[in-house]
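These are my notebook entries on one protein model. I looked up its helices, sheets, cores and confidence values in turn.

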Amino acid sequence: MASSVSMEWESRLGRRLRIRDVYILATVVECGSMAKAARQLAMSQPSVSEAIANLEHVLRVRLLDRGPQGVVSTIYADALLKRGAVVFDELRQGVRDIEHLADPAALAGLLPAIIERLSRRHPKIVVHAEYAQHATTEFRELRERNFDLVIGRISEPFAQDEFTFEPLYEEEYLVVVGSKSRWARRRKVELAELLDEPWILMPSNIVISSLVEAAFRRHGLKVPQERVASLSMHLRTHLLAAGNFLTVMPNSMFRFNAERWSLKALPIDLGIQSRQVGIITLKHRTLSPVVELFIEHARAVAKSIQSSTRPAKRSAVC
C-alpha cells in the first residue's frame, strides 16, 4: 500500500510540480505581495496567482495566508522553500558546470592547433569536431560511444565516476590589445588606467564575465562599460588588430593567435583563478590508435601553452 501511494505521489509531482512555480512562490514570499512579485517577475498578477494555485493543487496544502501587511507563507510553504533553496543552488551550480565545459571561446586556440599538428603528421586522419551546447549532452554522447572524447575546462575536482579527466594545462586570463594600441608600448600599466578604454567583453550570461567583474571589484574599480559584447573570436581579433580595443582572453587563445593578429598581453594580473583544461573519456573504454594519436598531439600542444612566456612585470589586482 505504501509503495503504491509513493508511486502516485512521485507521478503527480513529476508531471505537475514545476520549478518555475516554486521560484514564483519564493518571490511572492520575499516580496510579501502578489502585485509586487508580479512586477519583479515581469508577469501579470493573475499569472502569479495561477502559479501559486497550481502548486497548492498539486501539493494539496495551503501555501499562503493573507495578512494585514500582505501575504505570508504557511508552514508548508516554508518547508517547500527550504528544500527548494537547495534545488535552486544545485541548478545554478549545474549551469556553471555546463558553462565551464561548454564555452565556445574555450577551445578557439587549442583545438585548431591540435588538428593542424595532427594533420601535418598524419594527413589521412579525419577529425570530426562538434560543439555541444550542454555538458549533459556531451556526456550522453560519450556514454553512447558517439564521441571518443570531449575537451573541456573545469574549476572544481572532476567527480564523474563514469569518466576519466586528463588535465592538459592551466588556463589563465590576460588583458590583450593589438600591437598598434598605445598601451602595447607601455612597460607598466595599471588596470585603473583602462577603465574608459573601449572594451570588448563577454556576454553577461557566462562564467568568465562574472570572474572579470569580480577582478575589477577586488581592486576597488567599477566594471568598465563594454563597447562590444561578443564571444566571436573572429570579431574580437579583428577589432583588436585595429588598435583601439582591449579584451580579456584565455592564454591558449592568445598563444596561437598573437603572431597572426599582432596581439600583445599587457602586464596586468587580473587575479582570476586558473582553470584546468583537459580531456574527458569514458572509463573502461579501449581507445583506438587514431584517438590515442589525437591525445598525444593534444598533450604536445598543451606543453607549448604551458611553456609560453607571459609578461614579466605585472601589477597585481587582488
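**Entry 1: helix α9**

I began with α9 and found that its buried residues pack against β5, β6, β8, α10 (251-261) and β9 (263-265). The model is a predicted one, in which local features need pLDDT of at least 70 and side-chain atom pairs count only at pLDDT 80 or more, while totals for chains, interfaces and linings use all residues. Residues are numbered from 1 along each chain as its sequence is written, and side-chain values use heavy atoms, with hydrogens and water left out.

I took helices (H or I, at least four residues) and strands (E, at least two) as DSSP runs, numbered from the N terminus. I took buried as under 20% relative accessible area, exposed as over 50% and partly exposed as in between, with a 1.4 Å probe and protein chains only.

Which residues of α9 (residues 233-242) are buried? I found Met 233, Arg 236, Thr 237 and Leu 240. Seen down the axis of α9, these buried residues fall within an arc of 95°, so they line one face of the helix; the arc is that of the directions from the helix axis to the C-beta atoms. An α-helix has 3.6 residues a turn, so residues three or four places apart point the same way. His 234 and Ala 242 are exposed on the other side of α9. Gly 243 follows the helix, and its phi is positive, near 110°.

**Entry 2: the five-stranded sheet**

I next traced the open sheet of 5 strands, whose order is β7-β6-β8-β5-β9 and whose pairing is mixed. Two strands count as paired if DSSP finds at least two bridges between them. β7 (226-229) and β9 are at the edges with a single partner strand each, so one side of each has no neighbour in the sheet. From one strand to the next, the twist averages 40°. Axes are lines fitted to C-alpha atoms, for helices over the stretch in contact, and angles run from 0 to 180 degrees between N-to-C directions.

I counted 5 bridges between β5 and β8, which pair in the antiparallel sense. Tyr 173 has Pro 250 in β8 as its bridge partner. α10 packs on this sheet and touches β5, β8 and β9, its direction making about 125° with that of β8. In the loop between α10 and β9 I noted Ser 262, a residue other than glycine with a positive phi near 55°. Ser 262 counts as partly exposed, at 37% relative accessibility.

**Entry 3: the nonpolar cores**

I treated a nonpolar core as a set of buried Ala, Val, Leu, Ile, Met, Phe, Trp, Tyr and Cys residues joined through side-chain atoms within 4.5 Å. Which members of the largest nonpolar core touch the most other members? Among its 24 residues, they are Val 175, Leu 194, Trp 199, Leu 266 and Leu 270. β5 (173-178), β6 (199-201), α8 (207-218) and β8 (246-250) each supply at least two residues of this core, and α8 gives the largest share, 4 residues.

I then listed the contacts (heavy atoms within 4.5 Å) of Val 175. Leaving aside neighbours within four places in sequence, they include Leu 194, Trp 199, Leu 246 and Lys 264. A second, separate core has 21 residues, including Val 28, Ala 38, Ile 52 and Leu 59.

**Entry 4: the other strands**

I found 3 strands in another open sheet, with the order β3-β10-β4 and antiparallel pairing. Its edge strands, β3 (150-154) and β4 (163-171), each pair on one side only. β4 is joined by 8 bridges to β10 (residues 275-282), and Pro 167 stands opposite Gly 278 in β10.

Arg 145 lies in the loop between α7 (135-143) and β3. Its phi is positive, about 65°, although Arg 145 is not a glycine.

β1 and β2 form a hairpin with 2 residues between them. Arg 66 stands opposite Val 71 in β2.

**Entry 5: confidence**

The protein averages 82, and 81% of the residues score at least 70. Over residues 97-102 the pLDDT is below 50. Residues 309-318 stay under 50 as well, and the model has 28 contacts for them beyond four places in sequence.

Terms used. pLDDT is the predictor's confidence in each residue, from 0 to 100.
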